[in-house]
Amino acid sequence: DRSTRAPAIGINPGADRPEKRWNPRRYASVADRLAEKLGARIFLFGGPGEESIASAVQEAMTHPATNLAGKLSLHELACLLSRLDLLITNDSGPMHIAAAVRTPVVAIFGPENTLNFGPYTSPDNCRVIQSSVPCRPCNRKKCENPVCMEMVEPEEVLRACLELLNSQRAEK
């Protein structure tokens, strides 16, 4: 029964460009707080070439995490995402897969326009976190100073995670 067991929470710290990636230490901070508050089981995801990003999150954590980065086929990824209670992710392919399989998503957005590229799911099933910066949406292929991601605070992400998890449990 999902309402009584410790939640399974996925973290997908990768993205197709560095300026769309939130700091791994910040992901670790949120993951540790969820493990402490809820006894959450943490799973790290990432595609081929993103193993080092997921490892950086795992190494910065004080609680255990299962690192699946670079180990899953697309089919396996979709299956595992569908079994999570929540996915915390950057603007990425796994964000869209989680939305498609109706897994609650906390999506951290930097340079992209969330209206065009945000998760396509019910507003009750996702929270989009982004800082207010005048340079969004950004059309650059590279950004030397991605303040849009740096301004997103772990406390804000944690609050969105707890809110979404609580609302999901209340429905059950």
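## Largest pocket

The largest pocket has a volume of about 180 Å³. Its lining holds 18 residues, and Gly 46, Gly 47, Glu 50, Leu 77 and Pro 94 are the closest to its centre. A pocket is an open set of points on a 1 Å grid over the protein atoms alone, where a 1.4 Å probe fits, with protein on both sides within 12 Å along at least five of seven lines. Lining residues have an atom within 4 Å of a point. A volume is the space filled by probe spheres set on the points.

This is a predicted model, in which local features need pLDDT of at least 70, side-chain atom pairs count only at pLDDT 80 or more, and totals for chains, interfaces and linings use all residues. Residues are numbered from 1 along each chain as its sequence is written, and side-chain values use heavy atoms, without hydrogens and water.

Helix H3 (74-83) and H4 each bring at least two residues to the lining of the largest pocket. Helices (at least four residues) and strands (at least two) are DSSP runs. By type, this lining has 8 nonpolar, 8 polar and 2 charged residues.

## Second largest pocket

The second largest pocket has a volume of about 150 Å³. Ten residues line it, with Ala 8, Phe 43, Leu 80, Arg 83 and Leu 84 nearest its centre. Strand E2 (41-44) and H3 each supply at least two of the lining residues. The lining has 6 nonpolar, no polar and 4 charged residues.

Ala 69 sits in the loop between strand E3 (65-67) and H3. Beyond four places in sequence, Ala 69 touches Leu 44, Phe 45, Gly 46, Glu 50, Glu 51 and Ala 54. Contact means heavy atoms within 4.5 Å.

Thr 103 lies in the loop between helix H4 (93-100) and strand E5 (105-109). Thr 103 is buried too, at 2% relative accessibility. Its contacts beyond four places in sequence include Leu 81, Ala 98 and Asn 125.

## Nonpolar cores

The largest nonpolar core has 32 residues. Leu 34, Ile 42, Ile 88 and Val 157 have the most contacts inside it. Such a core is a set of buried Ala, Val, Leu, Ile, Met, Phe, Trp, Tyr and Cys residues joined through side-chain atoms within 4.5 Å. Elements that give two or more residues to this core include helix H1 (24-38) and helix H7 (154-171). H7 gives the most, with 7 residues.

Technical notes
Buried means under 20% relative accessible area, exposed over 50%, partly exposed in between (1.4 Å probe, protein chains only). Ala, Val, Leu, Ile, Met, Phe, Trp, Tyr, Cys and Pro count as nonpolar, Asp, Glu, Lys and Arg as charged, and the others, Gly among them, as polar.
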